[in-house]
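Hi there,

Here is the structure I promised to pass on.

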Amino acid sequence: MELNGKVAWVVGASSGIGAAVARELARRGATVAISARRDGQLQEVSGGHMLVVPLDVTDAASVAAAAARVHEELGPIDLAVLSAGYWKQMDPQDWDTEVFDQHIRVNLTGMSNSIAAVLPGMLRRHHGVIAGIASVAGYRGLAGSEAYGATKAAQINLLESLRVHITRTGVQVTTICPGFVRTDLTAGNPFPMPFIIDADQAARSICDGLERDRTEIVFPTRMALLMKTARLIPARVWTALWKSTSLPDTRPAEYPSRDHRKQRTP
């Protein structure tokens with residue numbers, strides 16, 4: 001789609017990828033509205049050049065009201081970039097259901113609430129693009145990513161299912177799967193993050209893909225190739241490859257490991 005002159009709404013734009021995408025859209029001539037919970041940070045992102053509409057993505061009424069305001073003040077929404085996200089590493093020795101549920105509320109329910117707020121109008125107009133930001137973390141399971149990866153896999157499936165369902169309506173659905181990006185969410189990660197890029201570079205990749213009408217936008221290229229290849233690896237092999245990230249085997253001798261059980265005495 002041609003971004004110049006379009007009305008774009010970025011949900012989850014107070015920092016990170018969402019903020020960078022909002023700025024890049026404005027640079028490319030779009031009229032931009034930005035939303036998130038943190039009004040002060042939204043004002044900083046806006047710099048007085050974007051419509052600021054605070055909301056809580058976990059509250060469907062809040063998201064619907066925000067979308068209505070964007071429509072009232074800027075006109076019909078041509079592009080909705082759904083970027084709200086939550087990430088916290090899980091610990092299997094201290095499983096926290098509240099942390100898991102918060103991933104679902106923000107990443108999955110939040111995306112559903114945002115789609116519900118813009119999709120009916122787009123369908124009536126037979127025009128519009130919904131661009132959901134998922135992650136390559138949704139391609140395969142990784143240690144510590146039980147909650148985040150599960151919701152990202154669900155987002156990928158949600159967006160693909162919706163795309164298939166409305167493909168003849170004139171409304172487009174784009175799935176965006178970044179690799180590691182330097183943001184507040186990744187700043188505290190205690191593990192290596194290969195091929196990590198800055199948020200501004202991520203925003204350029206996203207906007208380039210939108211202008212080229214890409215169904216799927218995955219970046220950076222090396223991470224995209226790595227994770228798409230990983231989808232083809234059998235589950236047993238994948239588990240073995242990541243064995244070093246597993247919790248250590250602390251079982252007493254009377255409970256031998258699986259590897260020990262396989263050994264046969266002569």
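Histidine 126 counts as exposed because its relative accessibility is 55%, and the cut-off for that label is over 50%. Please keep in mind that this is a predicted model. Histidine 126 lies in the loop that links α4 to β5 (128–133).

You will find aspartate 213 in the loop between α6 (199–211) and β9 (216–219). With a relative accessible area of 43%, aspartate 213 is classed as partly exposed, since that class runs between the buried limit of 20% and the exposed limit of 50%.

Next, the surface charge. Asp91, Asp94, Asp96 and Asp101 come together there as a patch of negative charge. One of them, aspartate 94, sits in the loop between β4 (79–82) and α4 (97–125). Aspartate 94 has 55% relative accessibility, so it counts as exposed.

How many disulfides does the structure hold? The count is zero; the test asks for a pair of cysteine sulfur atoms within 2.5 Å. Cysteine 177 is buried because its relative accessible area is 0%, where buried means under 20%. Cysteine 207 has a relative accessible area of 0% and is therefore buried as well.

Best wishes

Key
Residues are numbered from 1 along each chain as its sequence is written. This is a predicted model: local features need pLDDT of at least 70, side-chain atom pairs count only at pLDDT 80 or more; totals for chains, interfaces and linings use all residues. Side-chain values use heavy atoms; hydrogens and water are left out. Patches are made of residues with over 30% relative accessible area and no salt bridge: like charges are joined within 9 Å, nonpolar side chains (Val, Leu, Ile, Met, Phe, Trp, Tyr) within 5 Å. Accessible areas come from the Shrake-Rupley method with a 1.4 Å probe; for residues, only the protein chains shown count as cover. A salt bridge is a side-chain nitrogen of Lys or Arg within 4 Å of a carboxyl oxygen of Asp or Glu. Lys and Arg count as positive and Asp and Glu as negative; His and the chain ends are not counted. The place of a charge is taken as NZ of Lys, CZ of Arg, CG of Asp or CD of Glu. Helices (H or I, at least four residues) and strands (E, at least two) are DSSP runs, numbered from the N terminus. Buried means under 20% relative accessible area, exposed over 50%, partly exposed in between (1.4 Å probe, protein chains only).
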